[in-house]
Amino acid sequence: MKYFKNTSWLFAEKILRMVVGFSVGIWVARYLGPEQFGLFSYAQSFVGLFSAIATLGLDGIVVRELVRDENKQDELISTTFWLKLIGAFSLLAILAIAVNFTSNDAYTNTLVFIIASATIFQCFNVIDIYFQAKIMGKYIVYANVISLFLSSIIKIILILYNAPLIAFVWTTLFDSLIIALGYIYFFSKISTVKTIFGSAKKDTTVSLLKDSWLMMVAGAAILIYMKIDQVMIQEMLGSEQVGQYAAAVRISEAWYFIPMVVASSLFPAVINAKKQSEALYYARLQRLYDLMVWMAIAVALPMTFFSDFVIQTLYGEQYNQAGNVLMIHVWAGVFVFLSVANDKWFYIENKAGLLAIKVTMGAISNIILNYMLIPKYGINGAAIATIISYSISVLWSDVAMQSIRFLLVMKLKSIFLVNSIRKIK
């Protein structure tokens, strides 16, 4: 029951964030217009390319260790805090080098570093990790909802007072600060940990980094193939085209919380089936794949036929190129939904190395495809590159690894609705 309540809290927060955050985000996009909104989106995407450095792939590893041994929670929390803080400053240092290889002007680089500075406060996400391990999702929700509403109010005020772009960029730093303060408040009230500012233990540091480096590589590759398109559009086509593309992507990706919540709720049943028999285990995994595909298609089909109407209704006529992008990009959701369920299998089976290889193949293919398709097809080419590269990461990379080719067969059955057709017959 506590797992259901915890999932319910997290699901409710995602729904609220989708409704409130998405609505205010649309208003901000309409206010800024494609060029300014594109510059904002580019700065976020550029920082996103390197953000795995700040997290160090630690989150899932630390949750696991906290569940395994409560006696080590003080040193785990403190060590993780300092590692994340070092990671945040390392991110800023790497960005200072990376911007020299772009065509950014001083103003754009200022936006990038304001957004990147928010990662300093994200070291307090170690408290989020603690609440996850203790099945106390409601405290995570409290902090996030407070930040969501304060941020939304500030953005509305900025719109009403005709604020410049940089003011909206500062709100990203404000969001991270408020969430950090919320985490600290609830942590101080209910935690049995003495302090998060304790000394980092050398043995714990080495152990955590030894386990997490593959997760960091996988996370970096995922972020690259999810963010590189907007960075490359900026370099090749300019901010206005980034804005058109980002407007469509915001709608397309708004649904991505659904598979995360569903997988978190249903995967315990898949794990329990493994204890009974391999046949039952993979039968339930197949049904989870089927469910993911059906949900993705349920989102993609109406968006395909009503993409122009949706874009014009939400963003207005100024985003007149975003409809075609949405019509294409929304089908990437089929592979995203599948990957959420598929990635959990790799964690359970302790095959993080194979997962890192798969997502790296997706990242490399996305860069190559964007380089080839954006000059020829513009922002529609970037959307096509996204679908193909996602399919390579989630599906076709399985062909290169004999030990997991059976997963490709399972996923293809889901995509082509094989099991559903059999039931109809």
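Author: Rings of Phe, Tyr and Trp are paired here if their centres lie within 6.5 Å. The model is predicted, and by this rule nine aromatic pairs are counted.

Reader: What makes Tyr31 and Phe168 an aromatic pair, and why is the pair called tilted?

Author: Their centres are 5.6 Å apart, and the limit is 6.5 Å, so the two rings pair. The planes stand at 45°; stacked needs under 30 degrees and edge-to-face over 60, so tilted is the class that remains.

Reader: Why is this pair said to tie together parts that are apart in sequence?

Author: Tyr31 belongs to helix 1 (residues 2-50) and Phe168 to helix 8 (residues 165-190), so the pair joins parts 137 residues apart in sequence.

Reader: Why is Tyr31 called partly exposed, and why is Phe168 called buried?

Author: Tyr31 has 26% relative accessibility, which falls between the cut-offs of 20% and 50%, so the term is partly exposed. Phe168 has 1%; buried means under 20%, so Phe168 qualifies.

Reader: Why is the pair of Tyr315 and Tyr319 also called tilted?

Author: The planes of Tyr315 and Tyr319 are 50° apart, with 5.0 Å centre to centre.

Technical notes
Residues numbered from 1 in each chain as written. Predicted model: local features only at pLDDT ≥ 70, side-chain atom pairs only at ≥ 80, totals over all residues. Heavy atoms only, no water. Phe/Tyr/Trp six-rings, centres within 6.5 Å; stacked < 30°, edge-to-face > 60°. Helix = DSSP H or I, 4+ residues; strand = E, 2+ residues; numbered from the N terminus. Buried < 20%, exposed > 50% of the residue type's maximum accessible area, 1.4 Å probe, protein only.
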